[in-house]
Amino acid sequence: MLGVKASYLLPADCAQRLVAELQGALDSCADQQRQLERSLRVSRRLLQVWEPTRTPSPVPETKEEDSSPACTPSSQDLEELELLTQALEKAVRVRKGVSNAGQRDRTPSLTSKATTSGTTASAHPQAPSRTGSRALGARPTKGIRRATASAKDYPECRLQTRGDKTQVRTQDQAAGYGPGLRDQAPSSVGHATELFTLKEKGTLLQLPVAFRKAASRNSRLWAQLSSTQTNDSTDATRATKTQFLHKLQMASGCSSHRPCATEVEAHAQSLRKACTLLRRHVQKELAAAPTDWMQEYRCLLTLEGLQTIVGQCLHRIQALQAAVTEQPPGVCLAEKPTQVSSVCEGEVDSSWSPELLLYSNTKELQTLATLKLRVAMLEQQIHLEKVLMAELLPLINTQEPGRPPWLALCRVTYSLLCEGGEQFLTVLRDDPAD
Amino acid sequence: MGRRRSRVEGAARALPEAVAALSRSLPAGPSPEIFRRAKFDRPEAAPVLWQLLLRVLSPLAANNTWTDLAPEAQARVVKSALGSRGYPRSVLLQFPDGSSQGSRELLLALSWLLAQGPLLEQLLAQTRVQVGDQLPQCEALTSPGPLACLVATKSPVDLRLVEWLMGKLRFRWRCLILSQREQCTLLSKIHLYTQGCHSQQSLGHLSVAETEMLRDPESSQQLLHALESENARLEAALEWRRCELVFWQWMDTVLDACSPETPAVTSQPTALPMISEGGLGELESVRQELLALQEELREVAEPRRAAWESRVGGLGQGPEWSNSRKALREVVERELADLQGSWKLCSTPAQPQRPHRLVRSKDGAPRRQGLQAAEVIRTLSAKEDCLKKALHQLQCQCQQELARLAGTLPGLIWVLPPGH
């Protein structure tokens, strides 16, 4: 077997382009992951036991996976942590009396205004580092919270129970642990009476009035914005705008519409697709062997028809190229790819109010979301495939064939370009000397 | 007479009102005074307008990525973005970077953007407060922004690094899918558990943001505040629509004021950098391929046509003959029309561009108005198939190319991985 141990060095310029592309793809994936992680954290917390006073336990965000995991704090972190712990412990000692007095108030009778405003005000203890606050555990943090629980803020954002003034009390502490409950040791939860989960009491929640008002006003305004888009915009305004655009165009010395970059790119993409399909069709047609005059005639007509289509495509390319370089184009760009218009003119997407997307069960939602991700990933993969093709195939052509580095290059290229990097081929030398 | 005068006064009042509405609806709400100063080309208006244009032209600037840029860099970004959108006035594009001159030109550029399309609406939509739950937004995956990092590799790199990076990417794809699955499970649970809580009947349940708002009062305050300020901007945008006419009449005079001073730069073929790099290169390569295909077709079709004509001369030309020829022509035309239609399929957007809110429908409840998930799944699956085919085709193309290269070397045996 050959070429396995040999390595191939990419020339610097080519390497730079490839690594930049791949790094870009990796970064965008990491971004997406971070976003997802953020919403996962919020959702998980919502499904855990709700203790209105409890500060959400911070979970370290996933940064680059390569960097050392967040559970190994630096020495500076540890120092700060030590100082913080001391301060918090002192605070606990000093405030012990206060906290004992205030304990009764912390029972979250969800309808009591005084209580909720007290509990909601709990300043989140801002630990200098995430690891710090995590390592602290729940005990000292609680002390701090009690200390600050007297401030009155956000009176309008209280939880309200629906209908009668049911007090939400979970008698059995164990019952409080819903299916989403994670890494929350029972010892860290102080009072059994404060706990409830979304699963048990979710249907009793009610949105604050102020929010409900703002939200309904918001959706009304968006709807209004969508409706006037097509109806209210008076003809006079439209005419004046068009006139302004025309005048501006004339004053700058070019009278024709110049396509924007996105437009050109979309055209190029659709033409590329056309070219590939046309070529495939031509090959299919040439491979067929007509047996009677009907087939022969049909084949001839198809080939001529294809010729015409190719001519049309070429014509469109010329018109586009001319339009971009500002020479007055002989042909008007009448045919436009559909998705472009919304980018460049925005007239198509006239509705700005959100539409309801109805799903019926978890599995359906998963399929939907996964498909959406997969489509995006395939697009990314196709883009990378093209980049790799453009960079690697010419290298194979210019290298001296047969030597170990060349074989290594072929092997990797085959794997990356034909197998998505998942499989390799084996190269054997059929040595006549053996 | 008096009536006319009051009309004039009304118009005089209308302009400041229109400008004020515009200011309030724009991000960061610039002072209306800026617009008046810009008409007279005052330098003090320029920095604000550069920043505003930056904000308006690049969605990225909204999250403070670009607002820290030096004025020179800001100007460069604005100019290139304007250029790539096809802004016709080259006066602005030729300003030296970082100059504080030309506030009038900047005003013209902003007005051009406003006149081109629903700019205010798009800006509002970009920063819209997300109250409802959505499907993952994957735009970031497919368009690696203009600030793609440049890796400083000055020396040759082992090809295995590329392999390693590809492997890492595949791993990240898998992680993303898994996390997405978990997120869907949680989302659906939250929707189920809060069923019936929403004041709006059509929604039924709470979204994550709404539930989180109830859990954490601080986020509740933030959300409320964000909604209220968005409402204010929306109102301003609606107000602007009512009175923008007078603004456009005023802009006409602004344009008049600057036309004589800045003579038109006549037909310089200025292909803009952003177009020429991406789209134009691709266009040229497609053109070359098509030219080759055209030549190939000509070589095949012309002799066939000639042969056909000479044969047809000997055949009878009854009505039956011409009928069957006509039928054949129609069949071929339809086939080719289908072919032309097929390359438009892949370029149609995968999902509705409209914003959406995920809603879990209750079991057994009557079908509500809205987009059905099953429908979107069908569209996405079609798109996925289409992309898979495209990828497979590229891979086959590479395989052929490599096989051709390998074939030129005797003495080597290529063993393909299983499955081939």
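Q: What makes up the area buried between chain B and chain A, and how is it defined?
A: The area buried between chain B and chain A is about 20,400 Å², buried area being the accessible area (1.4 Å probe) that two parts lose on being put together, summed over both. Carbon and sulfur atoms give 67% of this area. The contact takes 203 residues from chain A and 206 residues from chain B, where contact means heavy atoms within 4.5 Å. This is a predicted model, in which local features need pLDDT of at least 70 and side-chain atom pairs count only at pLDDT 80 or more, while totals for chains, interfaces and linings use all residues. Side-chain values use heavy atoms, with hydrogens and water left out, residues are numbered from 1 along each chain as its sequence is written, and chains are lettered from A and ligands numbered from 1 in the order in which they are written.

Q: Why is the pair E235(B) and R217(A) called a salt bridge, and why does the pair join two chains?
A: A salt bridge requires a side-chain nitrogen of Lys or Arg within 4 Å of a carboxyl oxygen of Asp or Glu, and the N to O distance here is 2.2 Å, so the pair qualifies. E235(B) lies in helix α11 (residues 217-258) of chain B and R217(A) in helix α8 (residues 209-230) of chain A, so the pair joins two chains.

Q: Why are α13(A) and α14(B) called roughly parallel?
A: Helix α13 (residues 362-398) of chain A and helix α14 (residues 373-407) of chain B pack at an angle of about 20 degrees, with their axes 9 Å apart. Angles under 35 degrees count as roughly parallel, over 145 as roughly antiparallel, 65 to 115 as roughly perpendicular and the rest as oblique, so α13(A) and α14(B) are roughly parallel to each other. The residues of this contact divide into 20 nonpolar, six polar and 11 charged.

Q: What makes α10(B) and α11(B) oblique to each other?
A: Helix α10 (residues 208-215) of chain B packs against α11(B) at an angle of about 125 degrees, with their axes 5 Å apart, and α10(B) and α11(B) are therefore oblique to each other. In α10(B), A209(B), E212(B), M213(B) and R215(B) meet P217(B), S219(B), S220(B) and L223(B) of α11(B).

Q: How do you know that α7(B) is roughly antiparallel to α11(B)?
A: Helix α7 (residues 119-126) of chain B and α11(B) pack at an angle of about 170 degrees, with their axes 11 Å apart, and that makes α7(B) roughly antiparallel to α11(B). Among the residues making the contact are L120(B) of α7(B) and W240(B) of α11(B).

Key. Axes fitted to C-alpha atoms, helices over the stretch in contact; angles between N-to-C directions. Helix = DSSP H or I, 4+ residues; strand = E, 2+ residues; numbered from the N terminus. Nonpolar A, V, L, I, M, F, W, Y, C, P; charged D, E, K, R; others polar.
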